[in-house]
Amino acid sequence: MDASTANQSQTPCQQWAGQNGWSSASAPGPPCNPVPRFQHLGLGLPADQRPSYVDLEPTNRSYQSNSLSTNQTHHGAHQSPYISSMVPVASHGKNIPPSSLPVTNHPPLPDGPQHMSPCSPHGHYEAIPPPFQPPYSPQGLMNGLQSTYQKDLPISPPSVGQCVTQGPQTTRQPAYGSPNVQSPPLPAPPLAGGPGYTPSHVSPTSPIQQQPQWTLPPHYRGTIYEPVPDADAHGYREPSQDGSIMPPSPSSESRYGLDPKLLPSAVKVMAEDRVEWESKVFVSEPNSPLPPLATTSCIIEDRGNASPRAIRCTSYCVPCEGQIALLSRLPLGALVTPLARQTNGEHPLPICSESECVSGCGFCGASMCPAMSWQDCGQRFYCPFCGKLSEVPWQHYQPTKGVEGVRVDRDKRPELSLGSYEILNSQKGESAALLLAIDVSASALRGGHLDFVTQQIHTLLTSLNREDGAAHSDVRVGLMTYDSRIHLYDLSPSLSRPHMLVIMEMEDLQLPVREGLLVSLRDCLHSIESVLQLLPQFSPEGDDSSGVPMELPVKAALAILQVMNCPGKLLIFHSAPLTERGHTHSSSGFFGSNKPKSIFQPSELALSLAKECISQGCGVHLFVLSQQDVGGAWPGHVPYLTGGALLTYNHLQGELDRERFSTDLRRTVETETAYKAQLRIHVSKDLRVSGCYGLFIPGPSPSQVAMATLDCQTTLAVELTHTRALDEKRGAAIQVVLSYSTQTGDRRTRVHTLTLRCSRHLLDTFRNCQAQTLLTFYCKKMYCAALERPLPELRGELQTDVTEALASYRKHCSSASVSTGQLVLPQHLRALPVYINSLRKSEVLLPGMRSSVHQRLQQRCQILSMDASSTATHFYPLLRLLPLSADGSGDVCPPSLEEALRCSATSLEPRGVYLVHGPLVLLLWVGSHVPACTLVQLFNTSCFSSLPSGETKLPALDNPLSSSVRSLIDSLSSQAPCTRKLYVVKQGDSCEETLQRHLVEDKSPNGGASYADFLYHLHVNSVRLLQ
């Protein structure tokens, strides 16, 4: 199935317009007025006269506008929302683009309960009427939003009189026969500084801020939801059958005249947080404030609350009632990374034995934690997760002290004083095994890369070291080869040479022997070496043109592990065409039933095989040595559902592929892994776990997850729901308990507990949210929902959720004097629109013409397992100009978020070299006017036209510039979750579309809207909800 066929078959019952999936026809409703365009500029007030809000009402003759800039603190009490204002030029008698969402008659957002105070009447969030509004003429030009900034981060004032030009609007051709909509060109804009601007009121020390106006015509009564302009509005066309029509290059120009440079910046938000917390200590204690962003590197000190690297909540102030949570329109949940690592400078996780640890709740099974409250002088404790009292065993009894009633041994016991700790269980199981399965079919032997693979396996095994520094590892190793049959090898040290055991019948697999299939590496290294040397000399047998089933080595490995009663890792090195037995006759096939199907759904055979691996604790890692992007079964379902990975290569012919294979092989074997993992989630008795999202097979309860293996980066999203009102005094608690086996067979239990504040004020919920956490939560939820729901529906749901959240914040948390011409964003959610827009137009939810089904399946699984930091960097990559020194020294500074640029084509200059860094991408963009001396020092060529583009490796040249850039790339690669290819992209080259997909603020090649257009429609739709 090719990409286009797969994408069209995702919604069998409904057609969706265009690549963006926006419907070509709106539901019946009132006629829509035109989308307003903006041609007015607001200038800033002096610092001493700057209001929190501006009441701006458009009139028929003139407009008044004020730009807003409020003083902010990251965690302090004096916080204000981001506010911008804009007045559009009314345009009547025109049509708007078709609706991106099904148009429904939504009722107004419900008011909160009577006893709820969404905004404290005398708090620091009181709306202040503007003391002064300078007059302004409607001849100014609107050119963008300006963010609010902290006092210690002043913004350079924009030049007054700046002229912004707009090109004519293109003719929009809706998909599937929708009528054409003609938009006339905008008139030439005047200078920014129009009549009525009074610069004398601006103090010399306060920045001048330009603000757009964001209002609707006062008589507007159209549909509630206005679509984000689809791909056709940007000139995007469906390709013909011969592929002759190609999409145009994306542009950062807004079709509504917004200046993208003045919109809220995700780079600025990260830089501000980095300045506040970089290399500092964040104390994580019960009811602690909002933690640093996931992308900020800092030291976490555990004083009773789990580190945000282990548990990061969508809001650190939980609404007391479910009605308030629904009113906010924000998800209530947490991101869980059970095996999160401690960074340098942090204390290692304490380990206590099971016999010495104070027992937890005997009713719900929650582990002991600081959230337990003691009663009766320490004889009983109250469990916040079930609300019951439990007796303390006499062996662990200690009296309490003080008014708070804490135990006297609190500081000596990790389970009483720390949010995270680990319990070493008394039972010990078998150590994990390492199984190697090598394809020796005719395709593999003809490919010519089998010799290289066996050499790399031998090199790795000989370099493995034990924890105590011995020459070889004590890990037990098994070896098998396969074509249409399975060849097992008896590696017993007592044999003079290994014995091959051929298994012909795979339906009812029976192992001929048990001893010798798994042997300690130090005892069988010589035997493995002799087998690996003989494999390239095998003679091809049979014809594998129809493919080799991937489940053969998996079933054989499961049989070995079950007989030996141990978990393990299975590494499969596959070369033949891939097939899946029985998938054409499976009822779960794509066209096998009337249920809505998705290309992301695994077959019944893959699910059954993955469940067996989970039960045994077998993680599958598949190395596909001959990459197959088109056709064939996608082999990644079983690896990713078992905590493994799918790694593809292009026949290992080039040096770059071979280096990547060696790195991936070593990382796969040496990564610290938990086997037979059982995850339990406990929440306060007034909450419940309503959903869990990630790379696993869902069980009967969302609060319990079983996984074959997981590593330190595996992250799940947990969704919570109120069952009754929370006690504001007690707060809310979340506990994550992970039971797993280590490589050596030890059974351990890791406990993370997080205690949160509760509030009846809706404003507190918005104040304690972070955009990166919400992005990661939405990403995991939508990517999991893609298994069963149409992609256009998911993209529409994302837009609806954010729109309703902004509308709720505007209605319940902003001043009554805020007009429809003001964009209002919560302080810590300024970057949420750009993140959500990047998620909506990702390759998984919005496929492009050049994205294959296999690539989308692979990317979905890779992103689903990422933590918050990697997810945020993936959807907003780090774009950085390499500071090439003018004196020829070639010094390159380490990457810094303060120096990062906005992900837009406007940030690229022809004389610069830029690095685009993300967890799955590493690009080096070279401008066409880069000095020849720089090209010589970096690429050993002085001619730009002769510079090779595409996948490459920088030459090791003996000069400071080359050494610094290569060192920088190596440092970034070591931090990435997987091995990445380095792509060199030249300005104007045909492969520049590779870079354009990562400039997320621009219109994307697959038809996604630009950040400026998406933000405008979020504001317009949120205002319509309140009308």
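Modeller: A residue is called partly exposed when its relative accessible area lies between the buried class, under 20%, and the exposed class, over 50%. The model is predicted. With those limits, Lys981 is partly exposed because its relative accessible area is 25%. Glu951, at 31%, is partly exposed as well. The side chains of Lys981 and Glu951 meet in a salt bridge, with 3.9 Å from N to O. This pair links distant parts of the chain, 30 residues apart: Lys981 is in the loop between helix 19 (960-975) and strand 38 (982-986), while Glu951 belongs to strand 37 (residues 950-951).

Side chains of opposite charge can pair when their charged atoms come close. Over the whole structure, the search finds 29 salt bridges.

One of them joins Arg760 to Glu728, and the closest N and O atoms are 3.7 Å apart. Glu728 falls in the partly exposed class at 39%.

Another salt bridge is formed by Arg902 and Glu1001, whose closest N and O atoms are 3.2 Å apart. The two residues are 99 apart in the chain, with Arg902 in the loop between strand 34 (900-901) and strand 35 (913-917) and Glu1001 in the loop between helix 20 (993-996) and helix 21 (1011-1025). Both Arg902 and Glu1001 are buried.

Salt bridges also connect a group of four residues: Arg407, Asp409, Arg413 and Glu415 are linked in a network.

As for the cysteines, the search of the whole structure finds zero disulfides. Cys692 is in no disulfide, and the nearest cysteine sulfur, that of Cys784, is 8.5 Å away. A disulfide needs two cysteine sulfur atoms within 2.5 Å, so a pair is counted on that distance. Cys692 counts as buried because its relative accessibility is 13%. Cys313 is buried too, at 2% relative accessibility.

Note on methods: Residues numbered from 1 in each chain as written. Predicted model: local features only at pLDDT ≥ 70, side-chain atom pairs only at ≥ 80, totals over all residues. Heavy atoms only, no water. Buried < 20%, exposed > 50% of the residue type's maximum accessible area, 1.4 Å probe, protein only. Helix = DSSP H or I, 4+ residues; strand = E, 2+ residues; numbered from the N terminus.
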